[in-house]
Amino acid sequence: MFDNSYYTLNGNSRPCVATIGFFDGVHRGHQFLISNVMEEARRSGLASLVITFDRHPRQVLNQDYQPQLLTTLERKLQLIALTGVDNVAVLRFSKEMAALSAKEFMRQVLAERLNVKTLVIGYDNRFGHDRTEGFDDYVAYGRELGIEVVQAKSYTLDNMKVSSSLIRSFLEGGEAEMAARCLSRPFELSGKVKKGFQEGRKLGFPTANLDLGDSGLLIPKDGVYAVWAAIDGHSRLFPAMMGIGSRPTFGGGQLSLEVNIIGFHGNLYDKQVKVRFVSRVRDNRKFDSADSLAEQLRKDQEYIIKKLNKESKEKQ
């Protein structure tokens, strides 16, 4: 018997309408699917439930898999809760669970543990061992188990089917604005400030060097970005300039995430800083001297301040 333990945000076992998926990013497509679940639940007089996993299934099946996540589990649960769904179940994914056929998963987990009466399946979602079964199989198993299975439509934006992989491709290409449109909010990275090389401070642009730890979060394409920064313990957002790359002017090396927080003065070491990506400003390049780099950074900062001020005014 596999370990099918789970935890919920609002623990109960009411009969429910549910959907299942990894929901990385909780993007517009996910939000559309969850809204369908909530509407069906209201019509049926049942609770609404989102079922997700504590880790990416491929991490269990392939130890070398690097997930490149859009959200951590904690952030994902926060975003799902904001949809207004009644409940969330987080399954602890294991090799034993991966070995279950779709029918056994529906029987042991959906019917017996979670009391699912209607299952709303995303248009491209498959589950069960090796994902070999499809929607028609789920419908047939559901009839035997007393679960109605319905398929949701895809969500399109500008003729694009919004998906987590599409958003990853935008971020890997530096297209922060398109990623934000698909997510319905800016892409975020959060990390603890650690001691860096302090080259920025020498140039007059002190930076916070972010350590993402083992979050598994995707790092967007190298370059300079306009971002908003949220500092743990401060209520306001600060305009900021972020550099992602290997510091080519100073001989290169390992990848660093450095944030110049405009208008902030104080010690940031060991503080948690979250950055929200607005747009990519330029590519990284090697400068002939520290002075020429500093001059470019002055221009970048001036441009970023204007851009973020404009965005802030447009939202008022």
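This is a predicted model: local features need pLDDT of at least 70, side-chain atom pairs count only at pLDDT 80 or more; totals for chains, interfaces and linings use all residues.
Helix α6 spans residues 135–145 and comes within 10 Å of helix α5 (residues 102–111), taken axis to axis. The points below begin with that helix pair, and then turn to the pocket and to a loop residue.

**Helix α6 and its packing against α5**

- Two packed helices are described by the angle between their axes and the distance between the axes.
- For α5 and α6 the axes cross at roughly 35°, and the crossing is right-handed.
- On the α5 side the residues that meet α6 are Ala-102, Lys-103, Met-106 and Arg-107, and on the α6 side their counterparts are Tyr-138, Tyr-141, Gly-142, Glu-144 and Leu-145.
- Sorted by class, this contact has 5 nonpolar, 1 polar and 3 charged residues.
- Within α6, the residues Tyr-138, Val-139, Tyr-141 and Gly-142 are buried, and the elements that cover the buried residues of this helix include α5 together with the strands β5 (116–121) and β6 (148–151).
- An α-helix has 3.6 residues a turn, so residues three or four places apart point the same way.

**The largest pocket**

- Rolling a probe the size of a water molecule over the atoms shows where empty space is left.
- The largest pocket has a volume of about 1,100 Å³, and of the 41 residues that line this pocket, Gly-21, Phe-22, Asn-125, Arg-126 and Arg-131 are the closest to its centre.
- The elements that give two or more residues to the lining are α1 (28–44), α2 (57–61), α4 (95–98) and α7 (164–172), and among the contributors α1 gives the most, with 4 residues.
- By class, the lining of the largest pocket divides into 20 nonpolar, 13 polar and 8 charged residues.

**Asp-232 in the loop between β11 and β12**

- Asp-232 is placed in the loop that lies between β11 (223–231) and β12 (237–245).
- Asp-232 counts as exposed because its relative accessibility is 51%, where the cut-off for exposed is over 50%.
- Once the neighbours within four places in sequence are left aside, Asp-232 is in contact with Lys-271 and Gln-272.
- Asp-232 and Gln-272 are 40 residues apart in sequence, whereas their C-alpha atoms are 5.3 Å apart in space.

Terms used. Residues are numbered from 1 along each chain as its sequence is written. Side-chain values use heavy atoms; hydrogens and water are left out. On a 1 Å grid over the protein atoms alone, a cavity is a set of points where a 1.4 Å probe fits but cannot get out, and a pocket is an open set with protein on both sides within 12 Å along at least five of seven lines; lining residues have an atom within 4 Å of a point. Grid points are joined across faces, edges and corners, and a volume is the space filled by probe spheres set on the points. Ala, Val, Leu, Ile, Met, Phe, Trp, Tyr, Cys and Pro count as nonpolar, Asp, Glu, Lys and Arg as charged, and the others, Gly among them, as polar. Buried means under 20% relative accessible area, exposed over 50%, partly exposed in between (1.4 Å probe, protein chains only). Contact means heavy atoms within 4.5 Å. Axes are lines fitted to C-alpha atoms, for helices over the stretch in contact, and angles run from 0 to 180 degrees between N-to-C directions. A crossing is left-handed if the near helix is turned anticlockwise from the far one by less than a right angle, and right-handed if clockwise.
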